[in-house]
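Visitor: I'd like to learn how to read a few features off a model. Could you walk me through them?

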Amino acid sequence: MRIERRFFEHLSVLIVLLLLLPYTKLVLGVTSRVGDATEVRCIESERQALLKLKHGLVDDFGRLSSWGKSHEEDCCKWTGVKCSNRTGHITLLDLHGPVEGSDSQILSGEVSPLLQLKHLKYLDLSSNDFGTKFPEFIGSLTKLQYLNLHDSNFYGPIPHQLGNLTNLRFLDLGFNSGLTVKNLEWLSHLHLLRYLDLSFVSLQNTNWLQPITMLSFLKELSLAFCDLPGNVSLSLPLSNSSSIPLTIIDMSYNSLHSSLSYDWLVNLSSSSLVELNMGGNPLQDSIPDAFGNLLSLEKLDLSVCQLHGEIPKSFRSLRHLHYFDISFNKISGQLPEFFQTLATDVEKSLEYLNLDANQLSGSLPDFTKFSSLRELRLADNKLNGSFPESFSQISSLVSLNLSKNQLTGPLPNLVFLPSLRELHLGSNKLSGRVPKSVGQLFKLEILDASSNKFEGTISEAHLSNLSKLNMLDLSFNSLTLEVDSSWTPPFQLDIIRLVNCKLGPRFPNWLQSQNNFSMLDISGTRISRYSTYLVLESPQKTNIPKYL
């Protein structure tokens with residue numbers, strides 16, 4: 001009798017344990033074997049933290065629809081969540097929003113504390129629209145190695161507790177224009193940091209330079225639009241600065257103007273720096289020779305810096321340059337001499353050159369030796385003379401802007417520019433006929449030949465192969481557009497400007513086929529106002545800007 005009673009007692013305990021086993025696994029993250037496979041379930045307390053986070057968020061697009069569904073209770077399998085295969089602890093939470101330019105699928109609302117996620121190494125909440133104060137609990141997630149809050153609409157002070165995140169390698173708080181910081185001393189504790197973006201965070205009243213020089217592993221630094229003051233204070237010793245392996249620096253659109261703005265950069269990363277963006281700072285000086293010491297530099301942006309004078313000869317040391325933007329300054333001198341200051345090796349590496357809106361003069365040099373050049377911008381200078389015959393043989397060229405100069409003479413044969421997508425020639429003194437070879441630019445999207453002295457006829461031969469064309473501006477020339485009345489163009493234009501071209505007296509049939517334009521200017525084209533009214537006052541075109 002006793003034996004039977006004891007047997008049933010043991011049996012009842014065993015049954016209770018079997019019933020509780022799934023819940024025990026869920027709470028403790030215990031692994032179980034199914035055949036030869038090992039299953040790891042998430043920790044219940046961490047699961048509840050995620051459900052609380054979901055409850056506080058506005059998720060209009062159902063991005064978190066997998067969270068908490070009855071058929072999927074294991075949070076390790078939820079969207080944006082990853083767990084350790086060994087312990088079941090959540091190590092990654094990735095809720096980043098869509099790419100820039102899209103408002104769909106963004107999250108908003110309150111970010112509840114995630115203090116239970118003590119093993120989290122990776123947290124990405126970027127590209128959302130939370131509209132709340134900076135989540136202070138993040139300073140307690142001490143195992144974080146990656147933290148990305150880029151463009152998430154957080155505001156308020158950045159807590160100094162971020163200094164507790166001593167395992168961080170990646171920190172991006174950029175493009176949260178409501179964030180403020182009074183002291184960056186906490187930054188110096190992040191000894192392992194390799195990437196730092198504080199763009200749009202005001203650093204106006206902080207000693208920002210000294211903590212950054214303590215980050216001896218830092219490779220990428222972005223401090224764009226940070227209200228950095230005009231004079232960089234170097235009153236404190238920069239003992240570690242020479243060892244920082246910075247490869248990318250973006251300090252664009254601040255208030256830097258002192259000569260020290262150059263010196264500390266050169267001292268900081270002369271041997272490793274690959275990209276430097278100082279655009280939009282009122283540097284108000286000539287370009288210092290010290291930039292010639294940045295021997296590894298591949299990308300240099302000094303646009304909109306109020307720079308003047310000529311390019312220093314030390315630039316011949318920049319042998320790897322492939323991107324150079326010095327537009328909207330007051331750089332002077334002869335354009336051919338400018339190219340003589342560049343290293344011979346740059347002839348093979350240079351892909352992007354922007355010298356727009358300066359005071360450069362002289363004629364167009366031989367660009368054919370720049371075998372990799374894709375974009376050439378020389379607009380709004382004082383260039384004169386005609387096109388060299390070799391100019392049209394830059395087969396790699398994708399975009400060419402020579403507008404607002406004083407160039408004269410005819411256009412060269414354009415057939416050897418097969419990659420060209422944009423051709424800007426407006427506001428020069430170019431003359432003669434537009435060559436039919438323009439019709440062989442099969443990839444052309446923008447054609448602007450306005451305000452020149454071109455004459456003659458534009459025919460189907462000029463336009464029939466331009467299926468990608470979306471902007472056509474031939475205004476203020478002595479041109480006649482003459483095509484067969486049954487011709488249908490292969491393109492749909494967005495911008496049409498044909499001011500003072502001869503088109504009339506009847507409204508051209510080919511122009512009637514253009515249904516997607518956002519701007520039309522055909523004033524002075526001798527088209528009958530009555531026929532224009534009949535065509536353009538149709539319901540689908542009444543709200544489009546038109547100049548007749």
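Guide: Let's begin with burial: a residue is buried under 20% relative accessible area, exposed over 50%, and partly exposed in between (1.4 Å probe, protein chains only). Take C76, which is buried with a relative accessible area of 16%. The model is predicted, so local features need pLDDT of at least 70 and side-chain atom pairs count only at pLDDT 80 or more, while totals for chains, interfaces and linings use all residues. Residues are numbered from 1 along each chain as its sequence is written, and side-chain values use heavy atoms, with hydrogens and water left out.

Visitor: What is the relative accessible area of C83?

Guide: For C83 the value is 16%, so C83 counts as buried.

Visitor: Which residue is joined to C76 by a disulfide?

Guide: A disulfide is a pair of cysteine sulfur atoms within 2.5 Å. Here C76 is joined to C83, with S to S at 2.1 Å. Look along the S-S bond and you get -100 degrees, which makes the link of C76 and C83 left-handed.

Visitor: How many disulfides does a search of the whole structure find?

Guide: Two. Besides the link of C76 and C83, there's one between C42 and C75, where the S to S distance is 2.2 Å. The link of C42 and C75 is right-handed, with 140 degrees about the S-S bond.

Visitor: Where do C42 and C75 sit in the chain?

Guide: For that you need the element names: helices (H or I, at least four residues) and strands (E, at least two) are DSSP runs, numbered from the N terminus. C42 lies in the loop between β2 (37–40) and α2 (44–56), and C75 in the loop between β3 (57–58) and β4 (81–83). The two are 33 residues apart, so this pair links distant parts of the chain.

Visitor: Are C42 and C75 buried or exposed?

Guide: Both C42 and C75 are buried.

Visitor: What pattern do the disulfides of the protein chain follow?

Guide: Count the bonded cysteines along the chain and you get 1-2, 3-4.

Visitor: Is C226 buried or exposed?

Guide: C226 has 0% relative accessibility, so it counts as buried. C305 also counts as buried, at 0% relative accessibility.

Visitor: Now strands. In which sense do β24 and β26 pair?

Guide: Two strands pair if DSSP finds at least two bridges between them. Strand β24 (residues 382–385) and strand β26 (residues 406–409) pair in the parallel sense over two bridges. One thing to look for is G385, whose bridge partner in β26 is L407.

Visitor: And which residue in β28 is the bridge partner of T408?

Guide: That's K429. β26 and strand β28 (residues 429–432) pair over two bridges, in the parallel sense.
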